[in-house]
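Please open the structure in the viewer and keep the selection tool at hand.

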Amino acid sequence: MANKLALMLSGLKSVRSIRKAYRNNFKSAPRPFELHFETTYLCTCKCVFCNRWAEGPKRVNEELDYNQIISMINQAYELGVRIIILSGGEPLLKKDILKAMQCAKKKGMITSVTHNGTLITDKNLHEILSSFSNISISIDSMNSEVHDRIRGAGSGTHKKAMHAIRLLNKHAKNSAIHVQSVVTAHNITDILEINKEFFALGIPTSFQPIHDELDNSFMLKDKSFVQFNEKSLRPQWEDLLKNYSYSGFIERLVFKKYYARMADFMINPTSTKECFTCYAGSCSMTIDPYGNVYPCDALRKSMGNIKEQSLIDIWNNKESQNLRRSIKYRNCHCWLMCNAPMNIHLTKYC
């Protein structure tokens, strides 16, 4: 209870500092509360919407080592960060990452991971559970052929992910288990079935639209995955939202407005630009495997590199200040789950 109260108070401090920074045009640096860390671009999958798996093996020697990761965590905590979210690549391929996350948890941080579920076994299950507060597994369809085609790793990927979810759901006591889906033109009719399947097991689900961006490694070779038919999409989406089951009040509060405009984004990604003020680089930051600091997962404009400068200096430098000023007017567009829902709510309070 004391830890939850401390996290809540820290979050309120961040919101106040963000409000102040936005109102004084970033003369003061905001206090971040969330760090997205892309641990490695090595991966066991070759997802159709990502090419990081191709880059990873070529640059593995450039990745941050354990001591650099611990330094990053300590400095992020000093800045105000209380939530660290791992992605990749496949985060569990990173050496000593579980050990690093256990250090973060000891500091009172919430540790989360989003991954494909292919590496969870009976042997490493308990170490994984002790390392993360929240664990999300990707499931893009209950049809194994559809899921495996999207994840690009051949048959068996869906089977491994489902096995991982069953293991986690059976043994998790202090970790929250979650299923996450990427909505494409190939699986849009499967999202409601995913929701119903896991809702029956007491496992929350969430989904975000597929993105096709040139500057952040989300680049599609097969454009059929983003070729949504507006006439069929609108009624499909209305039916999905009408029958979708939320796991509780908080989930409904966080995601309802986000889901309501998602169809607009899928039809025309620029149509949702006016939905919220963007607080990327203010409430959160993204750090890639090589130490580059960015405002968010989508906007790949470097604020600095933690191999060359301290994270604290990067956060407070003039380049970051100017970048926040440009982000304020939201010249980019995204509808990513890691940013859009939070921005929708912060726009109301900041």
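The structure holds 14 aromatic pairs, and the model in which they are found is a predicted one. Select Tyr246 and Tyr259 to begin: their rings form a stacked pair, with centres 6.3 Å apart and planes at 25°. This pair links distant parts of the chain, 13 residues apart, since Tyr246 lies in the loop between helix H9 (230–243) and helix H10 (249–260), whereas Tyr259 belongs to helix H10. Both Tyr246 and Tyr259 are buried.

Now turn to two arginines. Select Arg59 with Tyr290: the charged end of Arg59 sits over the ring of Tyr290, 3.7 Å from its centre. Then select Arg82 with Tyr77, where the charged end of Arg82 sits over the ring, 3.6 Å from its centre.

The second largest pocket contains about 170 Å³ of space. To display its lining, select Ile210, His211, Asp212, Glu213, Val226, Phe228, Phe265, Met266, Ile267, Pro269 and His333. This lining comprises 7 nonpolar, 2 polar and 2 charged residues.

Finally, how many disulfides are there? The count comes to 0. Select Cys47, which is in no disulfide; the nearest cysteine sulfur, that of Cys45, is 5.1 Å away. Cys47 counts as buried, at 10% relative accessibility. At Cys283, the closest cysteine sulfur is that of Cys278, and the 7.7 Å between the two sulfurs is too far for a bond. Cys283 also counts as buried, at 0% relative accessibility.

Notes. Residues numbered from 1 in each chain as written. Predicted model: local features only at pLDDT ≥ 70, side-chain atom pairs only at ≥ 80, totals over all residues. Heavy atoms only, no water. 1 Å grid on protein atoms, 1.4 Å probe; cavity = no way out; pocket = protein on both sides within 12 Å on 5 of 7 lines; lining within 4 Å. Points joined across faces, edges and corners; volume = space filled by probe spheres on them. Nonpolar A, V, L, I, M, F, W, Y, C, P; charged D, E, K, R; others polar. Disulfide = S-S within 2.5 Å. Buried < 20%, exposed > 50% of the residue type's maximum accessible area, 1.4 Å probe, protein only. Phe/Tyr/Trp six-rings, centres within 6.5 Å; stacked < 30°, edge-to-face > 60°. Helix = DSSP H or I, 4+ residues; strand = E, 2+ residues; numbered from the N terminus. Lys NZ or Arg CZ within 6 Å of the ring centre and 35° of its normal.
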